[in-house]
Amino acid sequence: METKKAYSRLMSLVLKETTAYFHSQGFSQLMPVVLSPITDPLGPDPNSTVIKTGEIEYLGQKLTLTQSMILHKQIAIKQGHDKIFIISPNVRLEHPDRGSSGRHLFEFSQVDFEIAHAKKEDVFALMEGFMSHIVEQAKLQCRDELSYLNRHLHDIKGPFPKYTTHELEEIYGEDWEHAASMENKTPFWAICHKREFYDKQDPEQPGHYLNYDMVYPEGFGEALSGAEREYEYDKIMARVSKDQLKMERYAPYLEFAKQGLVPSAGGGFGVERLVKFLSGAKHVGDVQLFRRVPGERVIV
Ligand code: ASN
């Protein structure tokens, strides 16, 4: 068996079983958006190394390449959808230095989902069930591929441990992600990150956020990021202005927000990073048939 083929078989399994799992939980699958006047600002975030947002001009309109579908997810929920997921291509033009992290791509796909009126605990339960399902199915349906790749996967069962980022910083220092991921034997949740304006601030503890990352064990690092969302217009406007974002870049989204968004929670996880975890690949680019690694020239 070719190594590339083993990765592709695992990728195919992930796409099939992700779709099956989210359908089994009552989600509708939506089509992705690739070009839009609005996209996720991805910051301000001190850890972000996106050097610019991809943009094209078409018939006099400036359209950005999707960095994530978060804003469209909130608009879809406002339009009456209650549980949605999208396998969404994202373009993030990362600094070439990120090529050596083993975890960054400038073009990848994420499974982006959102649930109306949900809380973070609903997302925890959904994803804990998902992780246990996907590992079980990989072991069952891709036994030959895993054995060829010499990858031994442990069964996964929720609930996962939960730590605040403040606790993690105290134990491991500011760069806690890698050390904590190395030390844990199961995926875990890291709660409360200072992040984009759409992640809800805890009304009872200003300066704290109702958001979360799911982190893989064994040093595989961040798997998912998500949050309960800001949905009240005044709060969104205050956050957008605090982040010094250009209001006009978000005008169509802010117009929807003015008419009233619906409370929701959700998240997104990278498909390639999940395949990297399942296969034990060294670099996330290895699991892509057509590599998109920051700093490497694109062949095809
Ligand atoms: N998909 C993430 C979310 O739902 C956002 C992101 O990818 N930046 O919060």
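Arg-239 is buried, because its relative accessibility is 7%; the classes used here are buried (under 20% relative accessible area), exposed (over 50%) and partly exposed (in between), with a 1.4 Å probe and protein chains only. The structure is a predicted model, in which local features need pLDDT of at least 70 and side-chain atom pairs count only at pLDDT 80 or more, whereas totals for chains, interfaces and linings use all residues. Residues are numbered from 1 along each chain as its sequence is written, and side-chain values use heavy atoms, with hydrogens and water left out.

Arg-239 belongs to helix α7, which covers residues 233-242. Helices (H or I, at least four residues) and strands (E, at least two) are DSSP runs, numbered from the N terminus. Two polar partners of the Arg-239 side chain were identified. One is the side chain of Glu-230, with which Arg-239 makes a polar contact at 3.0 Å; the other is the backbone oxygen of Arg-195, reached at 3.5 Å. A polar contact is a pair of N or O atoms within 3.5 Å; within protein, one atom must be able to donate a hydrogen and the other to accept it, and residues adjacent in sequence count only if both atoms are side-chain atoms. When neighbours within four places in sequence are left aside, Arg-239 is in contact (heavy atoms within 4.5 Å) with Arg-195, Glu-196, Phe-197, Asp-199, Lys-200, Gln-201, Tyr-209 and Glu-230.

Charged pairs were then examined. Side chains of opposite charge can pair when their charged atoms come close. A salt bridge is a side-chain nitrogen of Lys or Arg within 4 Å of a carboxyl oxygen of Asp or Glu, and 20 such bridges are found in the whole structure. In one of them, Glu-145 meets Arg-9 with an N to O distance of 3.2 Å. Glu-145 is part of helix α4 (residues 143-148) and Arg-9 of helix α1 (residues 3-24), so this pair ties together parts that are 136 residues apart in sequence. With a relative accessibility of 8%, Glu-145 is buried, while Arg-9, at 42%, is partly exposed.

Another salt bridge joins the side chains of Arg-292 and Glu-107 at 3.1 Å, N to O. This pair links distant parts of the chain, with Arg-292 in the segment after α9 (271-279) and Glu-107 in strand β8 (residues 107-116), 185 residues apart. Arg-292 is buried, its relative accessible area being 15%, whereas Glu-107 is partly exposed at 34%.

A further bridge connects the side chains of Glu-232 and Lys-200 at 4.0 Å, N to O. Here too distant parts of the chain are linked: Glu-232 lies in the loop between β12 (221-228) and α7, and Lys-200 in the loop between β10 (188-191) and β11 (211-216), 32 residues apart. Glu-232 is partly exposed at 30% relative accessibility, and Lys-200 is buried at 10%.

Salt bridges that share partners also join Lys-73, Asp-112, Glu-114, Arg-195, Asp-199, Asp-213 and Arg-229 into one network. Lys-73 is located in helix α2 (residues 70-78) and is buried, with a relative accessible area of 1%. The side chain of Lys-73 makes a polar contact with that of Asp-112 at 2.6 Å. Apart from neighbours within four places in sequence, the contacts of Lys-73 are Ile-84, Ile-86, Asp-112, Phe-113, Glu-114, Arg-229 and Gly-267.

Attention now turns to a sheet. Strands of a sheet pair through backbone hydrogen bonds, either parallel or antiparallel; in this work, two strands pair if DSSP finds at least two bridges between them. An open sheet of three strands has the order β2-β5-β4, with antiparallel pairing. Its edge strands, each pairing on one side only, are β2 (35-36) and β4 (55-58). Four bridges join β4 to β5 (residues 61-65). Ile-56 stands opposite Leu-63 in β5, and Tyr-58 has Gln-61 as its bridge partner in β5. The two strands β4 and β5 form a hairpin with two residues between them, and Leu-59 in the turn has a positive phi of about 50°.

Val-34, Leu-35, Ile-56, Tyr-58 and Leu-59 make a nonpolar surface patch of about 500 Å². Patches are made of residues with over 30% relative accessible area and no salt bridge, with like charges joined within 9 Å and nonpolar side chains (Val, Leu, Ile, Met, Phe, Trp, Tyr) within 5 Å; accessible areas come from the Shrake-Rupley method with a 1.4 Å probe, and for residues only the protein chains shown count as cover. Leu-35, a residue of strand β2, is partly exposed, with a relative accessible area of 37%.
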